[in-house]
Amino acid sequence: MTSDNDRRRGLRARLRGRPGARSRGRRRLGAAVRLVAALMLAGGAYAVFAPGAQAQDNPPMSAAAAEGKALFDVSCVTCHGRNAQGVEGRGPSLIGVGAASVEFQVSSGRMPMARQEAQAARKPEVFDRDQIDQLAAYIQELGGGPIVPAGDNLHEDGNVAIGGELYRINCSQCHAFSGGGGALSSGKYAPSLAPATDRQIYAAMLSGPQNMPVFGDNQITPEQKADIIAYIQQTLKQDGDPGGFNLGRYGPSTEGVAIFLVGIVALVFASLWIAGKS
């Protein structure tokens, strides 16, 4: 009798538990349907918007950059690689150097290099102004980087007095107080500033070519760059030499040697003249 009652109670319990089980099943099925719907919605959104995002990440080159790439593939690819990533032992990567580096190196004839040397020397430029701008546009669009402002006169609003102070603090150690340049280690040197244009000086400060440090806008502001260029162009290049012969403007070393040699020769001749008279 007791076992029959137990079986009835167990049956009733199972019958009471079935609606709960069915409701849990429905909840799980609903959650699965919602998950599938969300995944399908996300996939559809990606299919719609992803091509546009990819097109934004890889925009087509401008006409100037396309012309620059054609020039690059003919004249620069041997040393800098097909995608300007650089070639070990030949040339560095150009990704991120910007149009400023192209402006300095190409407009001054330093690039293309005829051969590997301790330092690229200034030469007559190989490319004309339009070609330089096209190469600069290609490198700029390829990896970004610093850009030289437009125009040829970049020191028009510069303050010569402030520029002189900035030059003596930041530049004279290598380029000398007169801008004549000077020797460095391992066959390298700081070049003379006499032939440098406004754009080349500005580009050199932005790109830091050879052994020169980079003077970005955080170190020397654009206004201060204009001051330095004004000092170089209006004072170092245009002012005469009130002392007479400038001895190449290399500073006190050449002056000391010249004075020593002249003084020794003068003393020798004076001694001989005195000895002859006595």
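Predicted model: local features only at pLDDT ≥ 70, side-chain atom pairs only at ≥ 80, totals over all residues.
How many nonpolar, polar and charged residues does the lining of the largest pocket have?

## The largest pocket

Sorted by class, the lining of the largest pocket has 17 nonpolar, 13 polar and four charged residues. The volume of this pocket is about 800 Å³.

Several helices take part here. Two or more lining residues come from each of α2 (63-75), α3 (77-80), α4 (98-107) and α5 (129-143). Of these elements, α4 gives the most to the lining, with four residues.

## The second largest pocket

Next comes the second largest pocket, with a volume of about 520 Å³. It is lined by 31 residues, and those closest to its centre are His-175, Pro-191, Leu-193, Ala-204 and Met-212. A strand joins the helices in this lining: the elements giving two or more residues are α6 (160-170), α7 (172-175), β2 (189-190), α8 (198-207) and α9 (222-236).

Which element provides the largest share of this lining? That is α8, with four residues. By class, the lining of the second largest pocket divides into 22 nonpolar, seven polar and two charged residues.

Terms used:
Residues numbered from 1 in each chain as written. Heavy atoms only, no water. 1 Å grid on protein atoms, 1.4 Å probe; cavity = no way out; pocket = protein on both sides within 12 Å on 5 of 7 lines; lining within 4 Å. Points joined across faces, edges and corners; volume = space filled by probe spheres on them. Nonpolar A, V, L, I, M, F, W, Y, C, P; charged D, E, K, R; others polar.
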